[in-house]
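Subject: Structure handover

Hi,

Here is the structure for you to look over.

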Amino acid sequence: MTYHIQLTTRDGQPLEFDCSPEQSLIDAALAAHISLPAQCCQGSCGACYASVTAGDYLLGEHNPAALPAGNANGILMCRTTPCSDLSIALPYDHAKILFHTVPQRLAQIVALESVAENTVRLALRLDSDADNGGAAEFEPGQFMELEIPGSTERRAYSLANTGNWDGLLEFFIRLQPQGRFSAFLRERAQPGMKLMTRGALGAFGIAEGSLRPRWFVAGGTGLAPMLAMLRRMAEYREMQAARLFFGVNRESELFALAELERLKAELPQLVVEICVWQPQGEWPGFVGTPAEALHQALAEASVQPDIYLCGPPRLIEAAEKAAAAWGIPPDQVFSERFLPG
Amino acid sequence: MYCYQCEQTDRTNAQPGCASARGNCGKDANTSDLQDLLVHALKGIAQYSRRARDLGAANDAAGGFILYGMFTTLTNVNFNAARFVSLLQEAAKVRDQARAAYESAAKNQGLAPEALTGPAAWQPAADLNGLLLDAQKVGINAGIETVGADVIGLRALVVYGLKGVCAYAHHAHVLGYDNAEVYAGVERALDFLADDPTDINALLEQALALGHVNLDVMKMLDAANTGSFGQQQPTAVRVSPIKGKAILVSGHDLGDLHALLEQTQGKGINIYTHGEMLPAHAYPALKAYPHLAGNYGGAWQDQQTEFAAFPGPILMTSNCIIEPQPQYRQRIFTAGPVGWPGVRHIENHDFSVLIQAAQALPGFKEDAPEKTVTVGFGHNAVLGVADQVIDAVKAGAIRHFFLIGGCDGAAPGRNYYTEFAEQAPQDTVVLTLGCNKYRFNQHDFGDIGGIPRLLDLGQCNDTYSAIKIASALAEAFNCGVNDLPLSLVISWFEQKAAAVLLTLLALDIKNIRLGPTLPAFLTPNILNVLVEKFGIQPIGEARADIASALSRKAA
């Protein structure tokens, strides 16, 4: 027995597949050669969030922080099984859905450097192969899964650079005390080593067709996808108004400031607000979280912007609340959560 | 949004037209509305330019902007709303320059300049919402409650035909070919539309006048293509891949292709044509490049699967782009009037990024078995063997000519054209142009005494070849074109085809069969006029239509 699943993308395009009551929606879609954005597939990251518009379902065990607050019909498709035919609204465009196998490719570490307190910059170069050549094709905002050498465990990290023809992948990674990939980076990784990558994945990214100002709110290494999006705007000479709120806990956690200055030179319309929550010294900039800076800025905004959020769940929630308080419609708020995994 | 400019417009409701958040072509409502507003702004430029031209102060730079601006609004050309925000600002500046030039010319001649209203007085709003509010007032069906569907439909016929005229003229313009009469004709048509005309006869007259302008345009474009790249020569084109790095070039712009061939010389990259670029292989100055390797894929509507399978970058030079899929979104590039949000746009023929992409991407892993089609039967090639053709007609070896051409598309009804071409009797010759040919150009038609039964005249841009060949045959047989054993079976999709149709009507070509459906903007009353005056008729069943054409008495 199977149920009919009807998906509608944000840009109004329909997709359909069948799903048995024992199957997750993500797995059934994959079986139908539809690769929907997903990441952990364990109900914890929120990458496969969607809204049911008709039908009954079971939402299995999951991390409540992975679902945006206030949507009673919100589901994580990796943890949802159908109890009837379902209609589901996807929060991303059709262009974010893959209809082919996600590439798995070897890459070599070409740079690994500390850029701030507990933060490293990791650069990889994809090996050239017969199916992909040497290109690194991905959309800004997407992430890659990196496999810890010697194991089958993978961790997902947002790409900070833009698609390129040199095979380069750039990441800014926060070293977690108990993180396994962090341990690999701290203890074993060095330039020249190879590791397996899988991707690019994810639906987070610029709403390309929108003409509204683009506001980016980043916490810590949540800056990575924002850098990718801003770099892409600079490469394509896109002139939409843009504003970045980049926040850290302490000044010592700041990174990529020179790159932000370079981007300001290339994107004259870009306004950057560096926010430090608990400055250790005399911090001349905004003191507080980027969500607080967003709240203040929205008070003075003449046009409602699109808002892009990336960082820890508490930052995302606070920023979503700020957006809601100023009447920004939910479909103008795009988020990518970090969750420990 | 409200748009019914193309063949695939929504016909599910009583009033046909795309009127939701997203048209059937994939264009979003903001982009569609801003395009309507751009057409309005271009009318304003033309109001002044036309008057300045009448006073001997023509401004061809403004004319060039009009051509480009109109071209961006065709179906499947530019989907990037942000581009239209800046084009609207630019249009206001060009209009201000045109006004200044007109007022200066008037004063120099001791005349009081007219105070123009309507589009001439439009000022761009400061923000997007303001622009979109303006757009609501100037959509294609604005005023329909007052003037009725027939007037709106005829205005649409003129606007859409004009879009096609401008697109063709832009193709010539970028090759350095311009014509003051063409600019004057375009300005006249836009100025006419700026007054919101309601006189049915005047609208019909303008539509046919535009058809004559387009004849000049097609002649100019023919001169541009052959002047730049030589006369088309019959040429066998490989339609199967060759091992190695590859770039695919789609659209119509031979100048873009030429620049890319030049920049990729000696780099070990094969260049493939796609869709309407196929006839490029017939031009001596283009086929001289050994790395112009072949043609890949079919007509435009199949691009999402074909591009996904192409192992290199893709360049879209003009119409017809549809939404790039994730598999190739990073490696598709636009040029000229084309645009898609989030897709890299190449300017000034700087193809360095495209070349870098080709070198990084895998290319074809192996040679596919060789397969070819023959192209290159432009007017020069066909008329070069005119005596042989005329003799064959006189001897009864060639009973009839069918011109089966125009645009292709996804509609199932387009199978008609395949059936028509393949079922055409062995003593008939099929002339074709446009991308409609992909429905039958790999079929083995054979020949009649050495004359191929399928003659590919080129792109839809090469309509002038068809007209020239028909005119030459009529002259040889001392009759009118309508008296020739020739039937036109036209497949339309978008506004270039509307321009060509107006030209054929302006030349008084009768009994054209048009499909797969008739334009939604042609109301029953307008259609009646076209039927009465020109015998235009919808396609029917292929076999019956062939029989009917073969038994038809001359018009």
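**What I found**

Arg237(A) is exposed, at 59% relative accessibility. The terms run as follows: buried is under 20% relative accessible area, exposed is over 50%, and partly exposed is in between (1.4 Å probe, protein chains only).

Some housekeeping. This is a predicted model, where local features need pLDDT of at least 70, side-chain atom pairs count only at pLDDT 80 or more, and totals for chains, interfaces and linings use all residues. Residues are numbered from 1 along each chain as its sequence is written, chains are lettered from A and ligands numbered from 1 in the order in which they are written, and side-chain values use heavy atoms, with hydrogens and water left out.

**Between the chains**

Arg237(A) has a partner: its side chain forms a salt bridge with that of Glu347(B), at 3.2 Å, N to O. A salt bridge here is a side-chain nitrogen of Lys or Arg within 4 Å of a carboxyl oxygen of Asp or Glu. The pair crosses between chains. Glu347(B) sits in the loop between β7 (344-346) and α12 (352-360) of chain B, and Arg237(A) in the loop between α3 (223-235) and β15 (242-248) of chain A. Helices (H or I, at least four residues) and strands (E, at least two) are DSSP runs, numbered from the N terminus. Glu347(B) is partly exposed, at 39%.

**Within chain A**

Over all chains there are 44 salt bridges. One of them pairs Arg10(A) with Asp93(A), at 3.1 Å, N to O. Arg10(A) is in the loop between β1 (3-8) and β2 (14-19), and Asp93(A) in the loop between β7 (86-89) and β8 (104-116), so the bridge ties together parts of chain A that are 83 residues apart in sequence. Arg10(A) is partly exposed at 31%. Asp93(A) is partly exposed at 22%.

Glu266(A) and Arg262(A) also pair up, with their closest N and O atoms 2.4 Å apart. Both lie in helix α4 (residues 257-266) of chain A, 4 residues apart, which means about one helical turn between them.

**Cysteines**

How many disulfides are there over all chains? The count is 0, taking a disulfide as a pair of cysteine sulfur atoms within 2.5 Å. Cys48(A) is buried, at 4%. Cys166(B) is in no disulfide either; the nearest cysteine sulfur, in Cys460(B), is 15 Å away. Cys166(B) is buried, at 0%.

Best wishes
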